[in-house]
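Please open the model in your viewer and keep the selection tool at hand. The tour begins at a single residue and then widens step by step.

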Amino acid sequence: MVKKGRLLSNVVFLGIGTAISKLTVFFLMPLYTANLTPADFGTVDILVNTAVLLLPLVSMGAPEAVFRFAAGGAPEEEVLAVGGKMLSAGLVLLLFAMPLLSFFDILRPFLLYLYFYVAASVMHSYFAHVLRARGRYGLYAIQQTFCTIVTVLLAILFLRELSLGVAGYLLAILLADAITALILRLYLRMERSEKKGVKKSELRHLMLRYAIPLIPTATLWWVLAVSDRYILLYYHGQAANGIYAAAGRLPALLTFAANLFLEAWHFAAIREREETRGALFEKIYGALLPVLITFVAVLILLSRPLVDRIFAADFANAALFVPFLAVSALFSALSSFLGSVYVVKLRSGASLVTALVGVAVNLALDFLWIPKWGAMGAVAATFFSYVAVFLWRVMHCTKVMPFSLRLGKLSISTAFLVAAAFLTVRALWWSAVPCAILAVLPFGKELWVSICTLFVYSKKILRISTKKQKLS
């Protein structure tokens, strides 16, 4: 009971911290647009996306490796020592990469900012993962909120008061990350661990073997997420790409919520005893599946009203793509859950293979369908690529850790969800509603159990979390 309550409390803490960060970024848009020209904002977008591509290479997978091994019981002092060397190597590698980036005119004036932007982000992520490894999700949410507040204050100072433009935008974020990382470093400084574990050389080998495949994997997931936008932009222009990008914002809420759960779930899965992990995976998957399907069914039916209320009139056609993207988000979330098997079993190489499968299917279908069908071709390519990743992981994960995936019920629900999406796009509401209900029906019993469990344990979250902090 305490374990389930702790998992829910961790999800709540992560949700609060991340929601505050996301909402703050949204409310900062008027400040950014008032103090940055369109050209400046375009430069910022290029710089930030460049940083996103550099982060996996520079981090060397150290934050994820530190979380996995420290949460798994390896001596924290030795884990941090190995992780620190991995980060140092990545930062030196980035330093040598700076001359190569100077060939890009748009990046050249901001190379120094870009270097420290990436370095500060990596360090913040590294120490935050250590906090997660200790199970301090309440403090994890607090540091995330603190970093957001500092970013806001510095953005006001650098953009509105000092008018530093692009440099001010980057400075606000990198200094907030650097300050938060420094505070976390001071907080995490503890007495030397007395645990007995593997030799440091062996630990270094294990961490590197786990972390190195994560570097290309992160890049491949980025390609899977955005490649269709570039291809759509090339063949059909900015307007089509803008509508498609806007349509993806609503299903992204489902992916966002699922990722919050998975961050907390990884900690619980790693700490579970080996002999009972399969049963725990089956139980959590069985509870998660009906909830996700229900959310997708609701999002499909509400896609048109939501688009009409949230988006401007020029984006009305986004409602044509939201229903099918919602079904894609379902398989993205399920694939991510199966990916937690690789985290627990230290199979990061298998995660890389599945990313390659997804990217290969996505790019092939993008070039086949986008020139003919435009944004709907991109939607179809996204759907089949995530289904391909899910099926590949089903075949492999059941060998690594066997547990019931309820594929029969899932297939029936998926067929009804796709039918509901098609009928919603055609504005056949009275037919779409029964299909959405039939999609949820195979999991009716599990859904009711999930709702009851959530209701019971949500009342225990604060009490359990308070007790946990006292015991810590």
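Select Leu174, which lies in helix 7, helices being DSSP runs of H or I with at least four residues, numbered from the N terminus. This is a predicted model, in which local features need pLDDT of at least 70 and side-chain atom pairs count only at pLDDT 80 or more, while totals for chains, interfaces and linings use all residues. Residues are numbered from 1 along each chain as its sequence is written, and side-chain values use heavy atoms, with hydrogens and water left out.

Is Leu174 buried or exposed? Leu174 counts as buried because its relative accessibility is 8%, where buried means under 20% relative accessible area, exposed over 50% and partly exposed in between, with a 1.4 Å probe and protein chains only.

Next, display what surrounds this residue. Leaving aside neighbours within four places in sequence, Leu174 is in contact with Tyr113, Phe116, Tyr117 and Ala120, contact meaning heavy atoms within 4.5 Å. Ala120 is 54 residues from Leu174 in sequence, yet their C-alpha atoms are 5.7 Å apart.

Now select helix 6 (residues 137-161) together with helix 7 (residues 165-188), whose axes come within 8 Å and cross at roughly 150°; the axes are lines fitted to C-alpha atoms over the stretch in contact, with angles from 0 to 180 degrees between N-to-C directions. Helix 6 is therefore roughly antiparallel to helix 7, a term for angles over 145 degrees.

Finally, select the whole protein chain, which has 18 helices and zero strands, and of whose 472 residues 51% count as buried.

How values were computed:
Helices (H or I, at least four residues) and strands (E, at least two) are DSSP runs, numbered from the N terminus. Angles under 35 degrees count as roughly parallel, over 145 as roughly antiparallel, 65 to 115 as roughly perpendicular and the rest as oblique.
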